[in-house]
Amino acid sequence: MEHAEVTRFTTLWTQAQTSVFAVISATITNFADAEDVLQKVSTVAVSKFDAFETDGDLNAFFAWTIAIARFEILRYLRDRATDRHEYIAESLG
């Protein structure tokens, strides 16, 4: 990614990050897990930013990152549902 693209992504992500985290934390109530999902959203977004084709429109970027967040939330929920350690910890507590 070129310097201009890095700057563009950083500017958009900085503006959208709080709102994206709010959407994530509405579903994932454990703060640490919600932060982990936010980090994954950020990683996916930066790796796929070349495919994002608008001219710095914050609303379009927000919608795009929310779509990524939805997939990451679903992945988190799926992984948690199949994690035996989580089930055992809940049974003991």
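Trainee: Which residues does Ala 34 touch, not counting residues up to four places away in sequence?

Mentor: Contact here means heavy atoms within 4.5 Å, and with that exclusion Ala 34 touches Phe 21, Ile 24, Ser 25 and Ile 28. Please keep in mind that this is a predicted model, in which local features need pLDDT of at least 70 and side-chain atom pairs count only at pLDDT 80 or more, whereas totals for chains, interfaces and linings use all residues. Residues are numbered from 1 along each chain as its sequence is written, and side-chain values use heavy atoms, with hydrogens and water left out.

Trainee: Why does Ala 34 count as buried?

Mentor: Buried means under 20% relative accessible area, exposed over 50%, and partly exposed in between, with a 1.4 Å probe and protein chains only. Ala 34 counts as buried because its relative accessibility is 1%. Ala 34 and Ile 24 are 10 residues apart in sequence, and their C-alpha atoms are 6.1 Å apart in space.

Trainee: At what angle do helix α1 and helix α2 pack?

Mentor: Helices are DSSP runs of H or I with at least four residues, numbered from the N terminus. Axes are lines fitted to C-alpha atoms over the stretch in contact, and angles run from 0 to 180 degrees between N-to-C directions. Here α1 (residues 3–27) and α2 (residues 31–47) pack at about 145 degrees, with axes 10 Å apart. Their contact involves, among others, Phe 9, Trp 13 and Ile 24 of α1 and Ala 34, Leu 38 and Ser 42 of α2.

Trainee: What does Ser 42 touch, leaving out residues up to four places away in sequence?

Mentor: Ser 42, which is found in helix α2, touches Phe 9 and Trp 13 on that count. Ser 42 counts as buried because its relative accessibility is 15%.

Trainee: Which residues of α1 are buried, and what do they pack against?

Mentor: As a general idea, an α-helix has 3.6 residues a turn, so residues three or four places apart point the same way. In α1 the buried residues are Phe 9, Leu 12, Trp 13, Ala 16, Val 20, Phe 21 and Ile 24, and they pack against α2 and α3 (58–81).

Trainee: Where does α1 bend?

Mentor: The bend at a residue is the angle between axes fitted to the seven residues ending there and the seven starting there; for α1 it comes to about 45 degrees at Ala 16.

Note on methods. Helices (H or I, at least four residues) and strands (E, at least two) are DSSP runs, numbered from the N terminus.
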